[in-house]
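Here's a quick briefing for anyone opening this structure for the first time. Take a look at the sequence and the model, then walk through the topics below.

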Amino acid sequence: MSMPERYHPECPPDAHKVIRPPVKEVFATLCVKVEDSEEKNGMANVVEILSLMSKKPLILCSDKMRKLICDYTKDSDVKPEFLRVHDDGKASVSYENGAIGPTTDFYDFAGKSENYKDFLKTLEKKCIVSVDMLSMFTLRSISTVYPWDELLANQFLGQYLDASKALTNDDIALLTDVRYGRFDALNVEEKSATAYKFLRLERKLFLQYPTEDD
C-alpha cells in the first residue's frame, strides 16, 4: 500500500476548524464501490485502503467480496457497513446483525467520471452516492471542501473531471499499481503525464483535507 502518511499536529481539538458556519450543508453519504477484481490486489491491502477512506466505510460490493472484507476486518478496528440496492433503485445500509437501515435515494456514479459533473449538487440531497476506489479520496476531499467554499470545491471538481476523462486503461492500471505499492509514485510523471495529473490532485487533496476520523 502506497498512500502518503498524514501528519497529525499536536494541537488542541478543533484548533484548525473553520470558525464561521458552513455556507452549504452536505446530506449525502459516500459509498465505496468495491469490484470483485480488487481481490487480486490482496484483501489485506484492500481493507487498508478502505480504512483510509473511513474507519466505518460504507461499501457496495458482491456477496463474495463482502465475505472477504468481513474476514479481514473481524479482528481489526475497521468496521465496514454494506449497502443493499433494492429493485426500485433505492438503497439501504445492511448491518452485520441483520438489521436494515431506512431506504434512501441512491446514485450509482462509480466507474464513470462524467457522472460526477453534478456531484456537488447531489451532496445537498439526503441520499447515498457511490464512488469508485480510484477516485474515492479525491471525491471525499471535495465533499469536505464544499460546505465551506463552493467555488474552491467547483475548481477541484473541474480539475478532477479534466484529469479523469484523460485517463487511459494503461493509466488506470498504473495508478492502481501506485495505490498498492507496486510502482513508485515519484516515477509516475515520467511514465504518463495524464496519470500524473490525476495522481497529483489526489495526493494534494488527500493530504490537505481530513476524513471524519481525523
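A residue counts as buried when its relative accessible area is under 20%, and as exposed when that area is over 50%. Keep that cut-off in mind, and bear in mind too that this is a predicted model. With Ser-92 at 1% relative accessibility, it therefore falls in the buried group.

**Ser-92 and its surroundings**

- You'll find Ser-92 in strand β4, which covers residues 91-94.
- Its side chain has a polar contact with another side chain, that of Thr-103, at 3.3 Å.
- The side chain of Ser-92 also gets to the backbone oxygen of Gly-101, at 3.4 Å.
- Setting aside neighbours within four places in sequence, Ser-92 touches residues including Phe-82, Leu-83, Arg-84 and His-86. Ile-100, Gly-101, Pro-102 and Thr-103 are among its contacts too.

**Arg-179 in helix α6**

- Arg-179 sits in helix α6, made up of residues 169-179.
- Is Arg-179 buried or exposed? Its relative accessible area is 6%, so Arg-179 is buried.
- Its side chain reaches two backbone oxygens: that of Met-133 at 2.8 Å, and that of Leu-134 at 3.5 Å.

**Aromatic rings**

- How many aromatic pairs turn up in a search of the whole structure? The search gives 6.
- One of them joins Phe-109 and Tyr-116 edge-to-face, with 5.5 Å from centre to centre and 90° between the planes.
- Another edge-to-face pair is Tyr-116 with Phe-119, at 5.8 Å centre to centre and 75° between the planes.
- As for burial, Phe-109 and Tyr-116 are both buried, and Phe-119 is buried as well.
- Zooming out, Tyr-107, Phe-109, Tyr-116, Phe-119, Tyr-160 and Phe-198 make up one aromatic cluster.

**The second largest pocket**

- The second largest pocket has a volume of about 570 Å³.
- Which of its 26 lining residues are closest to the centre? They are Asp-132, Met-133, Leu-134, Ile-172 and Thr-176.
- Two elements, α5 (150-165) and α6, each give two or more residues to the lining of this pocket.
- The element that gives the most is α6, with 4 residues.
- By type, the lining of the second largest pocket splits into 10 nonpolar, 7 polar and 9 charged residues.

Methods:
Residues numbered from 1 in each chain as written. Predicted model: local features only at pLDDT ≥ 70, side-chain atom pairs only at ≥ 80, totals over all residues. Heavy atoms only, no water. Buried < 20%, exposed > 50% of the residue type's maximum accessible area, 1.4 Å probe, protein only. Polar contact = N/O pair within 3.5 Å; in protein donor to acceptor, adjacent residues only side chain to side chain. Contact = heavy atoms within 4.5 Å. Phe/Tyr/Trp six-rings, centres within 6.5 Å; stacked < 30°, edge-to-face > 60°. 1 Å grid on protein atoms, 1.4 Å probe; cavity = no way out; pocket = protein on both sides within 12 Å on 5 of 7 lines; lining within 4 Å. Points joined across faces, edges and corners; volume = space filled by probe spheres on them. Nonpolar A, V, L, I, M, F, W, Y, C, P; charged D, E, K, R; others polar.
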